[in-house]
Structures are given as C-alpha cells and as structure tokens.
Amino acid sequence: MSDEKNLGDDLNDMLGDAKEGAKKAAEKASEIAGEAKEKATEFAEDAKETASEFADSAKETFNNVTSNENKKVLAGVLGILVGGFGIHKFILGYNKEGVIQILLSLVCGIGAIIGLIEGIMYLTKSDEEFYNTYQVGKKPWF
C-alpha cells in the first residue's frame, strides 16, 4: 500500500506541477496577447495615418489636374477666338508674352494667327502634356 500511496502522492505532485505550468502558460499567453494587441493598435494607427496622407495627396493631385484642364480649355478657346489680344497668354500667367502678342496684332496683324495656332495646339494636347509643357515647363511660345 505504501507503493500506492507513493504513486498517489507522485500523481498529485505531477498534477500540481501541471496546473502550475498551465497557469504560467496562461499568464504568458495573456502577456503575449496584450503585446500583440498593442502592436496591432500601433499598426492600425500608422495605417490610418498613411491612408489619410495618401487620400490628401490624391485629392490635391485631382484638384491640380482638374484646375489645369480648365486652364487648358479656357486658354485654347480664347486663343482661337480672340488670340490677337493675348488673353490666353495672360490666363497661363505669361504677362510679358501677352503684351508682345497684343503689340504683334497692332503692328503687323500676326498676333491673331499666332493665337489661333496656339489655341489649337493647347486643345490637341493631353491634359498631362499641356500641364507639363505650359504650367510646369513654362514654355511661352508654341
């Protein structure tokens, strides 16, 4: 019987050790889960900030393309209709060239022809090509 008693004590000791091991494992799992939750929250905040920055950038790009397209159409139509007055040059911010165009119209009448040609060129370019050539590249003539 003493062997049975020793075996029972050994089993109780092993059961106690197993319970304590399970308790420690549960505590460690809880600690790891807390750290994972904290990391996931940080990641979500970073992702949200990045998405917000991307959205702001996309809105700004859209607004730039839209406003430049309007300048393209406006400058092109004005160049065709009243190119001799250089209004299309003033729309694009080329004040000196606008004055030169007016003078060319008054002196030799060629300003209207230049305006017509430029208006057609503006309208036949893609929005991106127009923007890069006349807004970014600041190409004042043809």
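**Entry 1. Overall layout**

Which pattern does the protein follow when read along the sequence? I read the pattern as α-α-α-α-α. I worked on a predicted model, in which local features need pLDDT of at least 70, side-chain atom pairs count only at pLDDT 80 or more, and totals for chains, interfaces and linings use all residues. Residues are numbered from 1 along each chain as its sequence is written, and side-chain values use heavy atoms, with hydrogens and water left out.

I found 5 helices and 0 strands in the protein. Helices (H or I, at least four residues) and strands (E, at least two) are DSSP runs, numbered from the N terminus.

I then looked up burial. Buried means under 20% relative accessible area, exposed means over 50%, and partly exposed lies in between (1.4 Å probe, protein chains only). Of the 142 residues in the protein, 19% are buried.

For the surface, I noted that the protein exposes about 10,100 Å², and that carbon and sulfur atoms supply 62% of this area. Accessible areas come from the Shrake-Rupley method with a 1.4 Å probe; for residues, only the protein chains shown count as cover.

I also looked up contacts, where contact means heavy atoms within 4.5 Å. Among the contacts with a separation of 6 or more, 56% come from residues 24 or more positions apart.

**Entry 2. Salt bridges**

How many salt bridges does the rule count? I recorded 5 salt bridges, each being a side-chain nitrogen of Lys or Arg within 4 Å of a carboxyl oxygen of Asp or Glu. I examined several pairs in turn.

Glu31 pairs with Lys28, and their closest N and O atoms are 3.7 Å apart. Both residues lie in helix α1 (residues 2-82), 3 residues apart, which is about one turn of the helix. I found Glu31 partly exposed, at 41% relative accessible area, and Lys28 partly exposed as well, at 45%.

Lys72 forms a salt bridge with Asp127, and here the closest N and O atoms are 3.0 Å apart. Lys72 lies in helix α1 and Asp127 in helix α5 (residues 127-136), so this pair ties together parts that are 55 residues apart in sequence. Is Lys72 buried or exposed? Lys72 counts as buried, at 8% relative accessibility, whereas Asp127 counts as partly exposed, at 28%.

Lys125 forms a salt bridge with Glu129, with 3.7 Å between the closest N and O atoms. I noted that Lys125 is buried, with a relative accessible area of 17%, and that Glu129 is partly exposed, with 40%.

**Entry 3. A nonpolar patch**

Which residues make the nonpolar surface patch of about 550 Å²? I listed Val73, Val77, Ile80, Leu81, Leu116, Ile120 and Leu123. The elements giving two or more residues to the patch are α1 and α4 (111-124), and α1 gives the most, with 4 residues. Patches are made of residues with over 30% relative accessible area and no salt bridge; like charges are joined within 9 Å, and nonpolar side chains (Val, Leu, Ile, Met, Phe, Trp, Tyr) within 5 Å.

Ile80 is partly exposed, at 33% relative accessible area.

**Entry 4. Helices α3 and α4**

I next looked at helix α3 (residues 95-107) and α4, whose axes come within 7 Å and cross at roughly 130°. That makes α3 oblique to α4. Axes are lines fitted to C-alpha atoms, for helices over the stretch in contact, and angles run from 0 to 180 degrees between N-to-C directions. Angles under 35 degrees count as roughly parallel, over 145 as roughly antiparallel, 65 to 115 as roughly perpendicular and the rest as oblique.

On the α3 side I noted Gln101, Leu104 and Ser105, which meet Gly111, Ala112, Ile114, Gly115 and Glu118 in α4.

**Entry 5. Helix α2: His88 and Ile87**

His88 lies in helix α2 (residues 87-91). I found His88 buried, with a relative accessible area of 0%. What is His88 in contact with, leaving aside its neighbours within four places in sequence? I recorded Ala75, Leu78, Gly79, Gly83, Gln101, Gly115, Glu118 and Tyr122.

Ile87 is also found in helix α2, but Ile87 is partly exposed, at 34% relative accessible area. Not counting residues up to four places away in sequence, Ile87 touches Leu78 and Val82. I also noted that the C-alpha atoms of Ile87 and Ala75 are separated by 7.7 Å, the two residues being 12 residues apart along the chain.
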